[in-house]
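User: I am new to reading protein models. Please take me through this one step by step.

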There are 2 protein chains.
Amino acid sequence: MRRELEQFSKQELSEFLDDIKVEYLRYCDSGLKLDMSRGKPSPEQLDLGEDLLNSVTSGLDCISSGGIDCRNYGGFWGISELRDLFSDILNVPSDNILIGGNSSLSLMFDTVARAMLHGVAHSERPWSKEEKVRFICPVPGYDRHYRICEVMGIEMIPVPLTGNGPDMDLVEKIVSSDASVKGMWVVPIYSNPTGDIYSEETLSRLAKMDAKANDFTLFVDNAYPLHTLNGTFVQPIDFFSLCNEAGHPDRPIMFSSTSKITFAAGGVSCIAMSKANMETALPFLQAEFICHDKVNQLRHVKVFPDLASVKRRMLEHADILAPKFRIVDQVLHDRLDGFGVASWNKPTGGYFISLVVRKHTAQRVVDLCRNAGLVLTQAGAGFPHDFDPDDRFIRLAPSFPSCDELKSAAELLSIAVLLASCESIIGEKR
Amino acid sequence: MRRELEQFSKQELSEFLDDIKVEYLRYCDSGLKLDMSRGKPSPEQLDLGEDLLNSVTSGLDCISSGGIDCRNYGGFWGISELRDLFSDILNVPSDNILIGGNSSLSLMFDTVARAMLHGVAHSERPWSKEEKVRFICPVPGYDRHYRICEVMGIEMIPVPLTGNGPDMDLVEKIVSSDASVKGMWVVPIYSNPTGDIYSEETLSRLAKMDAKANDFTLFVDNAYPLHTLNGTFVQPIDFFSLCNEAGHPDRPIMFSSTSKITFAAGGVSCIAMSKANMETALPFLQAEFICHDKVNQLRHVKVFPDLASVKRRMLEHADILAPKFRIVDQVLHDRLDGFGVASWNKPTGGYFISLVVRKHTAQRVVDLCRNAGLVLTQAGAGFPHDFDPDDRFIRLAPSFPSCDELKSAAELLSIAVLLASCESIIGEKR
């Protein structure tokens, strides 16, 4: 039966640290070279998509069901089969969906840029003409959302996640009282990295809450709607109707992609908006592109004629991913349980585990791991400006390495957590 | 031997008009349905690209020469093989090239948007913070360039093309005297729609000229570098070196794509910039995308391992396109020569013929054609805000229709030109 490290005497801590250091140095000498920093699919997962490479092989294959030659210009909105498929995936009407290129991140960036240059529905002026623009950022969250805010000069307000989405009391208080709060990032299903699934209550409150800014917009990054790890699919809530019924039809703008369904760099993306937001955006969109890559759109609908076929594929992904998450969880459990120095979630979907360590040790853990050959996501990356005020959160991305590699990685990580915790407690007792 | 319509007596004009009207009405009754409005490749041209659909068919095929798995994230700059290929096509060093998605238009839009939000190298502030931003627009030019300026609130200054590029005396005068002139559109090879090839002198003057704005930028849309119609390739001038030697290394930003080499909606694009411009843009680019579609990049380099292979493909395109341009030219020649009411260019490359009709009749010609079932590019489209002050220019896009269709289309067009000219001369004589 383990005791909490905090309860160790100085002598015990010193001995424990010496033992851990020996283990750690052994790892340093082992020549480990691993990367758990990004949510990259593994080669085995990518191999699942081989059918995509062979689904459109002739000119005849290039004609969409609507009779469009997908090799040529035209089809601004994307082919209807794919709009319908995303409609089923996201529970958003097809008419609200525009198909993009290979990256939903680009669509998010573009949408924020457009808001800065022009505004969204109900904007009195371009956001860049406002004295200040603020976004609510649930934390820990996705670093690339913060990067968009940073380059646009948008101030970020962190709000903690609770397990069912962000602290809604706080969100409501901020949004209803501050007209400079124009936006909020929302990852409603398997939030990156905590795995939060926004509850019906959270989504309902997001739809209904009063906003001081008439053009307050929810940037809903629905990156993982079907990305189950336990074989159960989350039933996506009809969020556009929720917002509509609450009298805020133009509040949500939603994004999704097949980056983690087919190929991480060769998939298709979409944006969903209300009619009014579409109308506001249309002159910009029409100046930006003639159409996106419809050949690749066709490849996707030929492999995925319906939602059921996507779900089958996602279960195959889960078969590859779930054991990896189990291994990391098991090793952390074996090595850390009882010491009282770390906790982590057991996500039911998505791409990440969120590890919470002792205050002021996350950076040290990440550094220790890097020195021994294991690259983790930068400490603090889950927070605006990479600043985790308590220096506690570490994002783990177990998807890419093999199971054997993950075992070593999780061992090393555990050792680093113990080492950093031990140092920190000794420092405090001094 | 024909006489100029202007020389016709009232009686002769009246009889001529009656005859032409009969011909015109016959066309109206014939149920023609044709579109010469956009520079779309024909199905036969798209069929040339069938090899592209079969060039990457397995996971093994997806590994680039640099060892990158093109199905996964990574490869921000694009695969090196493709950067090298565009380098050879454009005569710009590979290091200055970033590969984009399926659309160079999107790269242009993004680049102007980034300048508005942030600026380019040497900008004192974002262009959106300037009191006024002006771009020089050689006319007639590409309507989608103007669309970008319009939505960004950029004022456009039209400058006439001469056959060797724009009137450089005028360009130099404007650029050297007005600090609000921040940009200029340049289509250096087979300019849309006049077919102008910018001469060495023009390019040299563009590189050397004094600019009042330190951050004056040439937006070089190199859409047709290899798009020969006569089998001869234009040797692209090393414009980046020209600008560098002239002390303006950061002046050009160049764009290109394979939209009219492989598939109009499924190709790959690129942007070329100086190091300083790259550095200025980098934080924005990194916030916008992780990487573009490298699977499609690979498809391209497998079909086109070198410049020679692209040139061979472009000669096949020319074999399909050149007869179409000849037919239109021949019919216009047969029907219009000697009447003194129209002139047009015989482009050596590109996608368009620029037809110049009597003052104040272009809109009427386009309307007459539309009423009889032939859609032409909107009159005025070659000018900022769709406003051709003399209402004289009509852009013809002969690439998509079949040769038979083009014969009918050119006949109808000629009839419409004669009809509109006749009406106009009668009106003036009244």
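**Reading the model**

Analyst: Start at the end of a helix. In chain B, α6(B) is followed by B:G153, whose phi is positive, near 75°. Helices (H or I, at least four residues) and strands (E, at least two) are DSSP runs, numbered from the N terminus. This is a predicted model: local features need pLDDT of at least 70, side-chain atom pairs count only at pLDDT 80 or more, and totals for chains, interfaces and linings use all residues. Residues are numbered from 1 along each chain as its sequence is written, while chains are lettered from A and ligands numbered from 1 in the order in which they are written.

User: Which residues of α6(B) are buried?

Analyst: First, the idea. A residue is buried if 20 or more other C-beta atoms lie within 10 Å of its own, exposed if 12 or fewer, and partly exposed in between; C-beta atoms are placed from the backbone. Now the case. Helix α6 of chain B spans residues 143–152, and seven of its 10 residues are buried. They are B:D143, B:H145, B:Y146, B:I148, B:C149, B:V151 and B:M152. In general, an α-helix has 3.6 residues a turn, so residues three or four places apart point the same way.

User: How many residues of strand β3 of chain A are buried?

Analyst: Six of the six, so β3 (residues 134–139) is largely enclosed by the rest of the structure. Check each face. A:R134, A:I136 and A:P138 are buried on one side, and A:F135, A:C137 and A:V139 on the other.

User: Which strand does β3(A) join?

Analyst: Two strands pair if DSSP finds at least two bridges between them. Here six bridges join β3(A) to β4 (residues 155–160) of chain A, and the two run parallel. A:R134 stands opposite A:E155 in β4(A).

User: What is the strand order in the open sheet of three strands?

Analyst: The order is β9-β10-β12 in chain A, with antiparallel pairing. Edge strands pair on one side only; here they are β9 (342–344) and β12 (393–396). Strand β10 (residues 353–357) pairs with β12(A) over four bridges. One example: A:S354 has A:R395 in β12(A) as its bridge partner.

User: Where do the domains of chain A lie?

Analyst: Domain bounds come from an automatic or database domain assignment. For chain A, that assignment gives domain 1 (5–46 + 311–429) and domain 2 (63–305). Their centres, taken over C-alpha atoms, are 31 Å apart. Two residues are in contact if their C-beta atoms, placed from the backbone, lie within 7 Å. The contact takes 25 residues from domain 1 and 26 residues from domain 2.

User: How many residues of chain A are in contact with chain B?

Analyst: The count is 50 residues of chain A with 50 residues of chain B. Among the elements on chain A's side, α5(A) gives the most, with six residues. By class, that side has 25 nonpolar, 15 polar and 10 charged residues. Ala, Val, Leu, Ile, Met, Phe, Trp, Tyr, Cys and Pro count as nonpolar, Asp, Glu, Lys and Arg as charged, and the others, Gly among them, as polar.

User: What rotation superposes chain A on chain B?

Analyst: Copies are superposed by least squares on the C-alpha atoms of residues with pLDDT of at least 70 in both. A rotation of 180° does it, with 0.0 Å of shift along its axis and an RMSD of 0.0 Å. The two copies are thus related as by a two-fold rotation axis. The same surface serves both: 100% of the contact residues of chain A recur in chain B.
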